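Trainee: Can we go through this one together? I'd like to start with the ligand site.
Mentor: Fine, here it is.

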Amino acid sequence: MSENKKIDKPEILLHICCGPDSTAVYERLEPQYEVIGYFHNPNIYPEKEYHKRAENALKAGRELGFKVIIPEYNPEEWLKAVRGLEKEPEGGKRCEKCFRHNLEATAQKALELGISFFTTTLTISPHKSSDTIFKVGRGVAEEYGVMFLEADFKKKDGFKRSVELSRVLGLYRQKYCGCEYSMK
Ligand code: SF4
């Protein structure tokens with residue numbers, strides 16, 4: 001556990017795919033966990049868009065009161081991870097690799113920070129299969145020895161709530177998933 005813990009809740013490292021999605025997820029996790037955000041998304045293209053989304057993740061954290069860690073933008077490793085799957089449709093095999101890439105990095109970071117739990121905002125998206133994300137999360141948890149919280153944030157109108165909160169906070173919401181292959 002990290003030093004100077006203020007309250008008696010376990011810490012959880014939350015992989016944040018974007019600021020808007022983090023709002024409703026934070027609201028749901030906060031009663032039980034000390035949430036620390038991790039904006040690890042080298043899938044985002046182009047770099048300008050990455051920084052815009054990173055800024056909005058920071059803004060969500062500032063407004064709601066949680067810390068967000070932003071690593072360096074490193075798209076080369078991600079491109080390597082999805083090589084050969086460029087033509088896959090959204091929701092296909094490339095996305096599963098993409099989830100794995102980001103969740104592995106989150107589990108690694110949790111280990112580094114001494115945090116026992118990790119999870120992701122990805123399940124809030126109506127376009128993403130929560131079952132696939134859970135399968136990936138379970139595999140990563142087993143590999144790295146960090147506990148994965150299987151939470152389906154799209155349930156109980158999670159996405160709708162994220163739209164409402166993002167509007168109130170004035171957050172930018174992107175029009176495509178993230179990678180260059182999802183721009184069309
Ligand atoms: S469409 Fe989205 S989830 Fe799929 S590979 Fe691209 S960025 Fe990742």
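Trainee: How do the residues of the shell around the ligand divide into nonpolar, polar and charged?
Mentor: This is a predicted model. In it, the shell splits into 5 nonpolar, 3 polar and 2 charged residues.

Trainee: Which residues are they?
Mentor: N43, E90, R94, C95, C98, C177, G178, C179, Y181 and S182 surround the ligand.

Trainee: Take C98. Where is its place?
Mentor: C98 is in helix α4, which covers residues 93-113.

Trainee: Is C98 buried or exposed?
Mentor: C98 is buried, because 25 other C-beta atoms lie within 10 Å and 20 or more is enough to count as buried.

Trainee: What is C98 in contact with, leaving aside neighbours within four places in sequence?
Mentor: N43 and V82. N43 is also among the residues surrounding the ligand.

Trainee: Which residues of α4 are buried?
Mentor: R94, C95, C98, F99, H101, N102, L103, A105, T106, A107 and A110.

Trainee: What covers them?
Mentor: The cover includes strands β1 (11-15), β2 (34-38) and β4 (117-120), along with helices α3 (75-81) and α5 (130-144).

Trainee: Last one. Which residue takes a positive phi just after α4?
Mentor: G114, with a phi of about 75 degrees.

Notes. Residues numbered from 1 in each chain as written. Predicted model: local features only at pLDDT ≥ 70, side-chain atom pairs only at ≥ 80, totals over all residues. Near = placed C-beta within 6 Å. Nonpolar A, V, L, I, M, F, W, Y, C, P; charged D, E, K, R; others polar. Helix = DSSP H or I, 4+ residues; strand = E, 2+ residues; numbered from the N terminus. Buried ≥ 20, exposed ≤ 12 C-beta atoms within 10 Å, placed from the backbone. Contact = placed C-beta atoms within 7 Å.
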